[in-house]
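Work through the exercises below with the sequence and the model at hand. Each task is followed by a solution in steps.

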Amino acid sequence: MKKGFKIIVLAKQVPDTHNVGKDAMKEDGTMNRAALPAIINPEDLNALEQALRIKDNYPETQITVLTMGLPKAAEVLKEGLYRGADKGILLTDRKLGGSDTLATSYAIAQAIKNVGDYDMVLCGRQAIDGDTAQVGPQAAEKLGIPQITYAEEIENLAESSITVRRRLESGVETVRAPFPVLITVHGSAAPCRTRNAKFYMKNKNDESKIFTWSADDIKVEDDKVGKAGSPTTVKKIDSVVLQAKESKKLTDSDNDIDVLIKDLLSNHILG
Ligand SMILES: Cc1cc2nc3c(=O)[nH]c(=O)nc-3n(C[C@H](O)[C@H](O)[C@H](O)COP(=O)(O)OP(=O)(O)OC[C@H]3O[C@@H](n4cnc5c(N)ncnc54)[C@H](O)[C@@H]3O)c2cc1C
């Protein structure tokens, strides 16, 4: 049995859309990223925890956190090191700016190929800003490896395969896949442990475990990244403002509940 696994964790720096203040939106309805604190995408932390649990049981495991973004995204790599990851790769280049999910997953897949030897890639199911849940599956497709989506818990690790419980809308499913495999981790998986004081002190002023790669380092074809490689365009953005035009006050009396149910039935909201 292996003494350790080679794991790549994908982590995206996102604006903290759960803490939206009054300056969060610009007048044109687009997000004012500067007014929102930057955090690690929450489900990427669930993915990191799964990797750290493997390292707890197989101490020779090597965890590399990979992010694509602006130079500031190196912060998420540091957060990974503070929690127990071994190194971080920052993929940053002007050529990659404006990439949609197709171009992002291509660049990420190229970076993973550049890492070379790995058993599994763990990533979040979905990013809270882009919200597409496409990058993981697209990267797996480009790498030509199996994928397990919506993972909730790793149930078993064997020499050449992994068994994972998936969280589905209607229940759970347990599946097995051979290595190398890409796994997207669901928010219902175990939360990530907090920073470890020892790892924090060790890595706070040490930049030697953070590696910065450019588009040329990962040998991307220029027309497959950035705006040139992104067939998706944002056509129009509408701000949806919900307004209560009519309201009715009801108490918890049997009569009021009866009235409410009759209303809902007559409006075909209940049927
Ligand atoms: C026309 C267009 C232009 C865009 N221009 C820009 C731009 O200029 N700048 C910009 O920041 N965004 C831009 N975006 C958004 C960008 O395409 C998405 O943020 C990106 O492709 C990831 O998609 P997502 O957020 O839906 O991630 P999802 O597919 O929901 O993410 C799933 C998981 O994949 C991993 N992942 C996703 N993205 C990254 C990443 N960057 N690094 C590491 N792991 C990752 C994470 O583990 C994440 O949990 C643009 C989008 C469009 C459509």
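A residue is called buried under 20% relative accessible area, exposed over 50% and partly exposed in between, with a 1.4 Å probe and protein chains only. The model is predicted, so local features need pLDDT of at least 70 and side-chain atom pairs count only at pLDDT 80 or more, while totals for chains, interfaces and linings use all residues. Residues are numbered from 1 along each chain as its sequence is written, and side-chain values use heavy atoms, with hydrogens and water left out.

**Exercise 1. The chain as a whole**

Task: state how many helices and strands the protein chain has, and what part of its residues is buried.

Solution. Start with the secondary structure: helices (H or I, at least four residues) and strands (E, at least two) are DSSP runs, numbered from the N terminus. The protein chain has 6 helices and 11 strands. Next, take the burial: of the 271 residues in the protein chain, 42% are buried. Finally, the C-alpha trace spans about 65 × 45 × 40 Å along its principal axes.

**Exercise 2. Cysteines**

Solution. A disulfide is a covalent bond between the sulfur atoms of two cysteines. The cut-off used here is a pair of cysteine sulfur atoms within 2.5 Å. The search of the whole structure accordingly gives 0 disulfides. As for accessibility, Cys-123 is buried at 4%, and Cys-192 counts as buried at 17%.

**Exercise 3. Aromatic rings**

Task: find how the rings of Tyr-82 and Tyr-200 are arranged, and which parts of the chain they link.

Solution. Rings of Phe, Tyr and Trp (its six-membered ring) pair if their centres lie within 6.5 Å; planes under 30 degrees apart count as stacked, over 60 as edge-to-face and the rest as tilted. The structure holds 3 aromatic pairs. In the pair of Tyr-82 and Tyr-200, the centres are 4.7 Å apart and the planes make an angle of 65°, which is edge-to-face. Tyr-82 belongs to helix 2 (residues 74-83) and Tyr-200 to helix 5 (residues 197-203), so the pair links distant parts of the chain, 118 residues apart. Tyr-82 is buried, with 8% relative accessibility, whereas Tyr-200 is partly exposed, with 26%.

Now look for rings joined in a group: ring pairs connect Phe-5, Tyr-58 and Phe-179 into a cluster. Phe-179 is also joined to Pro-180 by a cis peptide bond, with omega about -5°. Pro-180 lies in the loop between strand 9 (171-178) and strand 10.

**Exercise 4. Around the ligand**

Task: list the closest residues around the ligand and give the distance from Lys-12 to an oxygen atom of the ligand.

Solution. A residue is near a molecule if one of its heavy atoms lies within 4 Å of it. The ligand is surrounded by 28 residues, and the closest are Lys-12, Asp-44, Ser-99, Ala-127 and Thr-132. Strand 4 (62-68), helix 3 (101-115) and strand 6 (120-124) each supply at least two residues of this shell.

Then read the distances between polar atoms. Lys-12 has a polar side-chain atom 2.6 Å from an oxygen atom of the ligand. For Asn-41, the corresponding distance to an oxygen atom of the ligand is 3.0 Å. In Thr-104, an N or O atom of the side chain is 2.9 Å from an oxygen atom of the ligand. On its own the ligand has 950 Å² of accessible area, and the protein covers 78% of that.

**Exercise 5. Positive phi angles**

Task: state where Asp-131 and His-268 are found in the chain.

Solution. Take Asp-131 first. Asp-131 is in the loop between strand 6 and helix 4 (135-143). Although not a glycine, Asp-131 has a positive phi of about 65°. Its relative accessibility of 44% counts as partly exposed.

Then take His-268. The segment after helix 6 (254-266) contains His-268. Phi of His-268 is positive, near 65°, in a residue other than glycine. His-268 counts as exposed at 70% relative accessibility.

Notes
A polar contact is a pair of N or O atoms within 3.5 Å; within protein, one must be able to donate a hydrogen and the other to accept it, and residues adjacent in sequence count only if both atoms are side-chain atoms. Accessible areas come from the Shrake-Rupley method with a 1.4 Å probe; for residues, only the protein chains shown count as cover.
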